[in-house]
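Good morning, and thank you for coming.

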Amino acid sequence: MVSKSNAGQWARAGVLIGSSRFALTMSQSIVLFGPPGAGKGTQARAIVEATGKPQISTGDMLRAATAAGTPMGLAAKVYMEAGELVPDEVIIGLIEERLRQSDATDGVLFDGFPRTIPQAEALSEIATVGLVIAIEVPDRAIVERIVGRRMDPETGDIYHVTFNPAPPEVADRLIQRKDDNEETVLSRLAAYHSQTAPLAEWYRARDLYTAINGNQDIAAVGAEVAAAVETLR
Ligand code: AP5
């Protein structure tokens, strides 16, 4: 069940709830929010397909900059490998630049951004967020998800050794992210609780926060995410 909102159902039933909550339009952006390993990347593809909005993952952008060996990428690598957040000014600069591209004019899907209140404040000045989909997963489930994650470097597909095994034909080329180890994930979780989790209240106060139960199988999470996305229509 989408906890905050029976919003989709109400919207489909034509119920107007006072404010602009249901006057959302497809030109607005969506934020995918949640702890590391919650399943943001896993669910992003279906949202992109359903909405046509491009996915903007700050983690992917930072990893690309690191692989390219840019000064920013090399500086970010130190934070990422320690499981700490990259400084706000770097992230905000990246986002400002990305939003200038032509595919971003009808709203985008932010994946892993914003992650601090200053990032959310900066975002509110340059884009309109219409929906925050928060995939909620307890800490006890996170370590197993992160340590078992494998990525296909050719397609970007995300797998898990137990929960979502790769087909045999791609198994040989799978890689594991350098920060996907037990030690770093504990730092990432600590950063999430101290710096990112307070954003939940920030977005709740703006009536944008829709909580999803992420502690169920991938398809069940996907069904709740799809219902949440429906509220944008
Ligand atoms: P980033 O790349 O954004 O990592 P993250 O937020 O830690 O998120 P993940 O990519 O680890 O997880 P996910 O939620 O996408 O889960 P996934 O779908 O892959 O950031 C990396 C680093 O970059 C940060 O630590 C920081 O240093 C820096 N950074 C990035 N953005 C920043 C920002 N805005 N500000 C500052 N610093 C920033 O799923 C995980 C695994 O679980 C997979 O194996 C998947 O198959 C499996 N899985 C998914 N759903 C389920 C399910 N329902 N049941 C069982 N298994 C599941």
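This is a predicted model: local features need pLDDT of at least 70, side-chain atom pairs count only at pLDDT 80 or more; totals for chains, interfaces and linings use all residues.

Residues are numbered from 1 along each chain as its sequence is written.

The chain holds eleven helices and seven strands, taken as DSSP runs (H or I, at least four residues, for helices; E, at least two, for strands) and numbered from the N terminus. Of its 233 residues, 33% count as buried, that is, with 20 or more other C-beta atoms, placed from the backbone, within 10 Å of their own.

Let us turn to the ligand. Of the 35 residues around the ligand, Pro-36, Gly-39, Gly-41, Gly-59 and Gly-112 come nearest; a residue is near if its C-beta atom, placed from the backbone, lies within 6 Å. Among the elements giving two or more residues to this shell are helix H2 (40–51) and strand S6 (158–160).

Finally, the helix pair. The axes of H7 (residues 139–147) and H9 (residues 182–196) come within 10 Å and cross at roughly 135°; axes are lines fitted to C-alpha atoms over the stretch in contact, with angles from 0 to 180 degrees between N-to-C directions. H7 and H9 are therefore oblique to each other, as angles under 35 degrees count as roughly parallel, over 145 as roughly antiparallel, 65 to 115 as roughly perpendicular and the rest as oblique.

Methods:
A residue is buried if 20 or more other C-beta atoms lie within 10 Å of its own, exposed if 12 or fewer, and partly exposed in between; C-beta atoms are placed from the backbone.
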